[in-house]
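Here are some notes to read alongside the model. Keep the structure open and find each element as you go.

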Amino acid sequence: MASWVTWVAFIAICTPTPELSLQERRTANQVADRLRQVGFDVTIAVGGTGVVGLLRNGSGPTVMLRADMDALPVRETTGLAYASVELGTDSEGNQVFVMHACGHDTHVTWLVGAASLLATATHAWNGTLLAVFEPAEEIAQGARAMIDDGLFERFPKPEVIFGQHVMPGEAGQIRYRTGTTQAAADSLQFRLFGRGAHRSMPKSSVDPVVMAAATVMRLQTIVSREIAASQAVVVTIGAMQAGTKDNVIPDEALLRINVRSFDERLRRHALDAIERIVKAEAQASGAPKPPGIIITEHYPLTVNDGEWTDRVAAALRAHFGIERVSELSAPVSASEDFGSFGTEWGVPSVFWYVGGTDPDAYRAAEAAGRVSQNIPTNHNPDWLGCCSPRWRPGCTPWSLPCSTRSASERVDGSGCGTRGGRRAVVSSGGTPARRR
Ligand SMILES: [Zn+2]
Ligand SMILES: [Zn+2]
């Protein structure tokens, strides 16, 4: 049985060797080696650097577990002995520091751990396990790349797909939500065309700076005047760039806009409104040509299947206890491309969150009312997935839903959580009706 020490060793390999999106070759090789060692049939280079492990264990349902592997262009400041000092080259050719600031090193380790546990404890389940290690989640391209590379045709269709993300919160606490659990996110880039001129002769120009400023102000009316007060959409202009010098009126400006939404109808409305306003402001300014529009990223809604969520939550509560597994009252505003797998394959899916903060530090911050100030979030250079025995449950939630035998058999390998009553979530006997 793989031990806790094994997981620590694995994350101690992943953390100092992060790789940017679509460059996860070292990580993929480490994953593939480990999966092969425990008996998986491994396919590499699925969608670029993705890895798929297949483990057949008799007749029964197929279950897909997914982890993402990529890191971010962030300079790590955690001070860990094995902190990353890696440099990488981004897609624009810049040298950047690279860090697992979203905790995907944790995800990789958890899924390798769960796969190893299930490969060892084949007496406790039957069916087929599909372990999917996705590249490039941070740029919303990994799921798309794996699907376009034939994921659905080359591997057996699962009955259900599970994913999880480490988040700020006491290590060992698990949170989930039925239905919509994460926002959709869209990033758009607009080029506004004007006519450049000398600063002393503005009459000869079509000033794209003024055009961009008017557009930014008008975009604020989408949420404040077109969306009902009881509904939520976020429209953020994250970047506005124009010009190089104070005595030159430039000939174009760039706007980068991000939209977060929790409902497809509202998402569509916001995107249509943005396009309408940007085009109209360009026309109002007398632009020589319409704006150029590029959709740079799209993360779909993450929607948890109702009945499968109930089954997963019941299994987690039975194992960890009700005090460690709780339901979120609202979706989180983060976004994922995890939802693409289930939506496009026509398969129910469940995505949940595991606390990754040192419990004492988190409780102290909570008591002081300073969680936002004192606890680094994902993507922060001080992000530190809690590497303690209490962090072990990350492997277990993935193994629990796959077990199919009696409650007395253990598949978790954690050495903690000795409660009885663990319940199989996926049984070879039947699939619950889908409910979204
Ligand atoms: Zn992230
Ligand atoms: Zn992430």
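1. In what order do the eight strands of the open sheet lie? The order is β1-β2-β6-β3-β7-β18-β8-β17, and the pairing is mixed. Bear in mind that this is a predicted model.

2. Look at the edges next. β1 (41-46) and β17 (325-327) stand there, and each has a single partner strand, so one side of each is left without a neighbour in the sheet. On average, neighbouring strands of this sheet are turned by 25° against each other, direction ignored.

3. Now follow β1 to its partner. Strand β2 (residues 50-57) runs antiparallel to β1, and four bridges join them. Among the residues involved, Val-42 has Gly-53 in β2 as its bridge partner.

4. Two helices deserve a look here. Helix α3 (residues 104-120) packs on the sheet and touches β2, β3 (62-68), β6 (127-134), β7 (160-170) and β18 (349-357). The direction of α3 makes about 150° with that of β3. Helix α10 (residues 359-367) also packs on the sheet, touching β7 and β18. Its direction makes about 60° with that of β7.

5. Check the length of helix α8 (residues 306-320). At 1.5 Å a residue, its 15 residues should span 21 Å. The end C-alpha atoms of α8 are 21 Å apart, which agrees.

6. Which residues of α8 are buried? They are Trp-308, Thr-309, Arg-311, Val-312, Ala-313, Ala-315, Leu-316, His-319 and Phe-320. Keep a general rule in mind as you trace them: an α-helix has 3.6 residues a turn, so residues three or four places apart point the same way. Just after α8, Gly-321 takes a positive phi of about 100°.

7. Now for some backbone angles. Most residues other than glycine have a negative phi. Leu-22 is not a glycine, yet has a positive phi of about 75°. Leu-22 sits in the loop between α1 (4-14) and α2 (25-37). Ala-140 is not a glycine either, and has a positive phi of about 60°. Ala-140 lies in the loop between β6 and α4 (142-148).

8. Are these two residues buried or partly exposed? Leu-22 has 19 other C-beta atoms within 10 Å, so it is partly exposed. Ala-140 has 21 C-beta neighbours inside 10 Å, so it counts as buried. The cut-off for buried is 20 or more.

9. Finally, step back to the whole protein chain. It has twelve helices and 18 strands. Of its 436 residues, 46% count as buried. Of the contacts with a separation of 6 or more, 80% join residues 24 or more positions apart.

Notes
Residues are numbered from 1 along each chain as its sequence is written. Chains are lettered from A and ligands numbered from 1 in the order in which they are written. This is a predicted model: local features need pLDDT of at least 70, side-chain atom pairs count only at pLDDT 80 or more; totals for chains, interfaces and linings use all residues. The expected span of a helix is 1.5 Å times one less than its number of residues. A residue is buried if 20 or more other C-beta atoms lie within 10 Å of its own, exposed if 12 or fewer, and partly exposed in between; C-beta atoms are placed from the backbone. Two residues are in contact if their C-beta atoms, placed from the backbone, lie within 7 Å. Two strands pair if DSSP finds at least two bridges between them. Axes are lines fitted to C-alpha atoms, for helices over the stretch in contact, and angles run from 0 to 180 degrees between N-to-C directions.
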